[in-house]
Amino acid sequence: MIHIRNIHKSYTNGQNSLHVLKGIDLNIEAGEMISVMGPSGSGKSTLLNILGILDTHDEGEYKLDGIGISNLNERKAAHLRNRMLGFVFQSFNLISFKNAMENVALPLYYQKINRRKRNRIALEYLDRLGLKDWAHHLPSELSGGQKQRVAIARALITRPKVILADEPTGALDSVTSQEMMDLLTEINHTGITMIIVTHETDIARRTQKTIRIIDGMVQEILENEVRSKKPEGIKQVRTAIYEKVA
Amino acid sequence: MFELDKWQEIYSTIRKNKLRTFLTGFAVAWGIFMLIILLGSGNGLENGVLDQFQGGANNGIWISSGMTSKEFKGLKAGRLIQFNNEDYKVLKSTIRDHEYMSARMFMGNNITSYKKEYGSFYLSPCHPDYGNIKQVEMVQGRFLNKLDVDEFRKAAVIGEKVRSDLFKGNDTMAVGAYINVKGVLFRVVGVFKDFGRDDNEQRRIYIPVTTAQRVFSGQNVISQISFTTGEAPPEQVDVMVEQSRDLLARRHTFDTEDRQAVFIWNKSEDYRRFQGLFLGIRLFIWIVGIGTIIAGIVGVSNIMMISVKERTKEIGVRKAIGATPFSIISLILREAIVITGFAGYIGLVLGIGVLELISRNLPQIDFFRSPEANFSIAVGATLLLIVAGTLAGIFPARKAAMIKPIEALRDE
């Protein structure tokens, strides 16, 4: 799904040049669930931005589902982000003046799907994530876990091939964090490739592989023993989503 | 893509910031309101002044005789100049580019009667062309014609006030009736209406100049010669004026520099001068009005700028989930146009409302009448608003489009 070769990225700030990524090679197959770990400044967020086509790389090759990603214009990049990728952020990044349903529906607005249809689809997704009753609430009226589930619904609504999650549990308590990981795992089981940036070992251990980045280079790739514990309630959600995507 | 969708997207963002939107819109509404009031007042002034020009062709030239004030060729100053029929004929054949020309006699107010009704009316012998020079409108019958003049007919054309005084409501009887003017019976051939501001211009009786000379004065003396210049450009009109003056100076032996010997009123010159004045006023008003609107635009632009800054994160999110730069520009630009357009429209309606109110309750005063904003002003203002909205949105929209999602989404 994701193939990168010898990716380099530097940031120039005045006369100082900061070499952030120093030749990264990575292969992520379709349906994998990967975590990326590393200390602050290691370049893991930069890597995620490049994978998410939010930023460009200076050197090297990036192929997303067979499509070469380099020197794309903004319109093309926006289009690919919309069709192929879903984002989940630490601070949720919901639009504060739109209710849960409108937030979830927003990516479909950029696919030029009409309002009635996209709101209906958004409601289906919220329903599956157990948030149907909260559909007309503003983000400020939701708890952290609920907000993140709305964000996940928003990432899922375009049926992306890859979900990129940047510290998805960073703003959540440990119980909610585990629930969130359950949910992301279930989504991964529907065939969506999942890349999670985290600095919590607890979270990383729940993915199949952990990529450790230090100083702009891949230091090691660990195979994790994935826990099999799955609560009953989540299973239903998984089945529902699976059916939808299949 | 259903267009309504985009407007709903804009509506939802505007609704989020009611007060801010209101304050922004207010500046624009105020600008347009002021522009409309200014333009309307300008029109009022113009209408009022042009009203003073009513009654008489705007391209008319009136030549009256006076008294010499300079010695010339051994002749003393203080000599009375009197025009005669020959002057009229010579002028008529010399000033070839004239449109209408007429001689006139001033015979003052005279007791005129019809049966038992009497009145004192101004008697003004003239040629048939005078109707066109004075621009009277016939309400009954006709004006004087060539036959009346050639055959010394005792024909009279009377003003509406003359008719109402002499015929007391029997308007239909006027044409064809014989009225007694200074003891001579004249047949009424027509009734006119004069748009001049002076009521007395409706209290006139026009008769053929030839008839008047024969039955009243027994001389060939005339008091005034007037003509219109047609479509002649200003320079040519000036030439006509000079030609007339030279001709009369030669015929009556006075210095062409002697401005007391004949008085020439060139109405088109006055008219032109006022046209220039109005042009100046209009220009001034547009400059002031557009200045006010620019202040509004800068306000909108400024607030949109702040709004874009505040919404950096939101715009970053939109871009991350697939908004193209164009869709962001269109979002911000539309928002600016909606705010300026809507607010401007309110200003426009209020401005026109206030003008209408003033126009209705304004007492009759000279030089100011019916201030109004006409259709072309409304269309102009609407176009201005769209342009203004676009201008107000351009910079914020560009700024928004340049927002990088990674910077916008960076967690602090």
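# Worked exercises: helices, rings and phi angles

D173(A) caps the N-terminal end of α6(A), with a side-chain oxygen 3.1 Å from the backbone nitrogen of V175(A). That is a polar contact (a pair of N or O atoms within 3.5 Å; within protein, one must be able to donate a hydrogen and the other to accept it, and residues adjacent in sequence count only if both atoms are side-chain atoms). This is a predicted model, where local features need pLDDT of at least 70 and side-chain atom pairs count only at pLDDT 80 or more, while totals for chains, interfaces and linings use all residues. Residues are numbered from 1 along each chain as its sequence is written, chains are lettered from A and ligands numbered from 1 in the order in which they are written, and side-chain values use heavy atoms, without hydrogens and water.

**Exercise 1.** Check the length of helix α6 of chain A against its number of residues.

*Step 1.* Helices (H or I, at least four residues) and strands (E, at least two) are DSSP runs, numbered from the N terminus. Helix α6(A) runs over residues 174-189, which makes 16 residues.

*Step 2.* The expected span is 1.5 Å times one less than the number of residues. For α6(A) that gives 22 Å, and the end C-alpha atoms are 22 Å apart, so the two agree.

*Step 3.* Now look at who is tucked away. Buried residues in α6(A) include M180(A), L183(A), L184(A) and I187(A), along with D182(A) and E186(A). Buried means under 20% relative accessible area, exposed over 50%, and partly exposed in between (1.4 Å probe, protein chains only).

*Step 4.* Then see what follows α6(A): G191(A), with a positive phi near 105°.

**Exercise 2.** Sort out the aromatic pairs F87(A) with F89(A), and F26(B) with W30(B).

*Step 1.* Rings of Phe, Tyr and Trp (its six-membered ring) pair if their centres lie within 6.5 Å; planes under 30 degrees apart count as stacked, over 60 as edge-to-face and the rest as tilted. This rule finds 12 aromatic pairs over all chains.

*Step 2.* F87(A) and F89(A) have ring centres 5.9 Å apart and planes at 5°, so they are stacked. F87(A) has 7% relative accessibility and counts as buried, and F89(A), at 8%, is buried too.

*Step 3.* Over in chain B, F26(B) and W30(B) are also stacked, at 6.4 Å centre to centre with 15° between the planes. Both sit in helix α2 (residues 18-52), and being four residues apart they are separated by about one helical turn.

*Step 4.* How accessible are F26(B) and W30(B)? F26(B) is partly exposed at 48%, and W30(B) is partly exposed at 44%.

*Step 5.* Widen the view: F22(B), F26(B), W30(B) and F33(B) form one aromatic cluster.

**Exercise 3.** Find where N6(A) and I53(A) sit, given their phi angles.

*Step 1.* Most residues other than glycine have a negative phi. Yet phi is positive for N6(A), near 50°, and for I53(A), near 55°.

*Step 2.* N6(A) lies in strand β1 (residues 2-13) of chain A. With a relative accessible area of 38%, N6(A) is partly exposed.

*Step 3.* I53(A) belongs to the loop between α1 (44-51) and β4 (59-64) of chain A. Its relative accessibility is 7%, so I53(A) counts as buried.
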